[in-house]
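Good morning, everyone, and thank you for making time for this. I would like to walk you through one protein chain, going from the overall fold to a single residue.

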Amino acid sequence: MDLTHDMHRVEHWADTHHPMWLDLVRVALGIFLLVKGYMFVQDTDALFSILRKSQFPWVSVGLAHYVAFAHLVGGLLIAMGLITRIAILFQLPILLGAVFFINPERGFYSENTELWSSIIVLILLLVFLVFGSGRFSVDHLIRKPKRDWLY
């Protein structure tokens with residue numbers, strides 16, 4: 001099988017089955033990640049303490065910088081719909097770590113809002129990895145600059 005051909009088929013299917021309201025969800029997700037990144041930059045001590053308590057304390061400084069940078073830049077790119085799938089690929093390790101290594105230490109209780117928000121963001125990232133950025137995005141403007149932007 002030709003992997004490139006399959007990727008184009010999936011991308012075409014996602015483009016033709018992408019409701020407009022999903023673009024609003026993508027923008028909200030990007031803004032949420034951007035705000036989270038800003039919060040990490042503003043309160044690096046809290047981020048360092050979370051990472052030190054994790055199973056990987058020896059890499060906490062590098063991870064803290066990666067998380068903050070990836071959320072800031074990736075959130076902006078996802079909100080704009082610019083290289084959305086690539087920006088999502090940089091977010092996935094962070095959210096997988098948050099869901100499976102960082103937040104479960106506090107349990108799967110309803111009060112553990114960080115875990116539930118991480119799970120929701122992870123699911124949304126996977127959705128947009130498949131569906132892409134949508135019609136109201138910079139990616140769409142670059143691919144189809146002349147026609148059908150509003151149709």
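**From fold to residue**

Let me begin with contacts, meaning heavy atoms within 4.5 Å: of the contacts in the protein chain with a separation of 6 or more, 67% are between residues 24 or more positions apart. Please keep in mind that this is a predicted model, in which local features need pLDDT of at least 70 and side-chain atom pairs count only at pLDDT 80 or more, while totals for chains, interfaces and linings use all residues. Residues are numbered from 1 along each chain as its sequence is written, and side-chain values use heavy atoms, with hydrogens and water left out.

The protein chain has seven helices and zero strands, where helices (H or I, at least four residues) and strands (E, at least two) are DSSP runs numbered from the N terminus. Of its 151 residues, 36% are buried, and here buried means under 20% relative accessible area, exposed over 50%, and partly exposed in between, with a 1.4 Å probe and protein chains only.

What does the largest nonpolar core look like in terms of residues? A nonpolar core is a set of buried Ala, Val, Leu, Ile, Met, Phe, Trp, Tyr and Cys residues joined through side-chain atoms within 4.5 Å. The largest one has 22 residues, and among those with the most contacts inside it are L29, I88, L95, V121 and L125. Helices α2 (20-42), α4 (60-80), α5 (84-102) and α6 (113-131) each supply at least two residues of this core, and the largest share, seven residues, comes from α6. L29 touches V121, L124, L125 and F128, leaving aside residues up to four places away in sequence.

Now to one helix pair: the axes of α5 and α6 come within 9 Å and cross at roughly 150°, axes being lines fitted to C-alpha atoms, for helices over the stretch in contact, with angles from 0 to 180 degrees between N-to-C directions. The two helices are therefore roughly antiparallel to each other, since angles under 35 degrees count as roughly parallel, over 145 as roughly antiparallel, 65 to 115 as roughly perpendicular and the rest as oblique. Their contact includes I88, L92 and L95 of α5, together with V121, L125 and F128 of α6.

Finally, is H65 buried or exposed? H65, which lies in helix α4, is exposed, with a relative accessible area of 54%. Its C-alpha atom is separated by 8.5 Å from that of V41, 24 residues apart along the chain.
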